[in-house]
Amino acid sequence: CGFSQSSVSSDQKGGVKGRSLWFFFHWLLGIAVCATGIVNVYSGLRTYHERTARSVSLWTGLLTVEISFLAFFYLLIDRWSYMIKQGRLPVEQLRPNDNHRTYPTTLRKELGMVQE
C-alpha cells in the first residue's frame, strides 16, 4: 500500500485526481477495518454468553456507549472547521471589549501597515 501511495503522489498527469482517489480508498479501508472490529467484538460477546451462560448485557451496553461516543466525536471533529467558520462575525459587527479591539489577523496586519 505504501508503494502505491508514493507512485500516485509522484504521478504528474493524475496528480490531484489520483491523490483524491487514494485518500478515498484509504478512508474507506479504515472505516471497513473499524466496522469489522466492532462486529467482531459484538460477536465475541455473544459467543462468550453462549459458551458460559453468563450475562454480557453490561459489556454490550458499555461497548454501545463507547461506540456511540466515538462516532459522535468523529463527526464532531469532521465538522469542527465548519462550525468554527459559522461562529465568526464580520468585521463590522466586532465591538470594543474593555478598550481592546479584537480584529481578525489579516485586518490587524492591514491596520498595522496603515498606521506605520
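Guide: Buried means under 20% relative accessible area, exposed over 50%, and partly exposed in between, with a 1.4 Å probe and protein chains only. By that rule leucine 21 is partly exposed, because its relative accessible area is 48%. This is a predicted model, in which local features need pLDDT of at least 70 and side-chain atom pairs count only at pLDDT 80 or more, while totals for chains, interfaces and linings use all residues. Residues are numbered from 1 along each chain as its sequence is written, and side-chain values use heavy atoms, with hydrogens and water left out.

Visitor: What is the mean pLDDT of the protein chain?

Guide: pLDDT is the predictor's confidence in each residue, from 0 to 100. The mean for the protein chain is 78, and 64% of its residues reach 70 or more.

Visitor: How many helices and strands does the protein chain have?

Guide: Helices (H or I, at least four residues) and strands (E, at least two) are DSSP runs, numbered from the N terminus. The protein chain has 5 helices and 0 strands. Of its 116 residues, 5% count as buried.

Visitor: Which residues form the nonpolar patch on the surface?

Guide: Patch residues have over 30% relative accessible area and no salt bridge; like charges are joined within 9 Å, and nonpolar side chains (Val, Leu, Ile, Met, Phe, Trp, Tyr) within 5 Å. A salt bridge puts a side-chain nitrogen of Lys or Arg within 4 Å of a carboxyl oxygen of Asp or Glu. Accessible areas come from the Shrake-Rupley method with a 1.4 Å probe, and for residues only the protein chains shown count as cover. Here the patch consists of Leu21, Phe24, Phe25, Trp27, Leu28, Ile31, Tyr74 and Leu75, with about 790 Å² of accessible area together. Two or more residues each come from α2 (15-52) and α3 (57-78), and α2 gives the most, with 6.

Visitor: How many aromatic pairs does a search of the whole structure find?

Guide: A pair of aromatic rings is described by the distance of the centres and the angle of the planes. Rings of Phe, Tyr and Trp (its six-membered ring) pair if their centres lie within 6.5 Å; planes under 30 degrees apart count as stacked, over 60 as edge-to-face and the rest as tilted. The search finds 3 pairs. Phenylalanine 69 and phenylalanine 73 are stacked, because their ring centres are 6.0 Å apart and their planes are at 15°. Ring pairs also link Phe24, Phe25 and Trp27 into a cluster.
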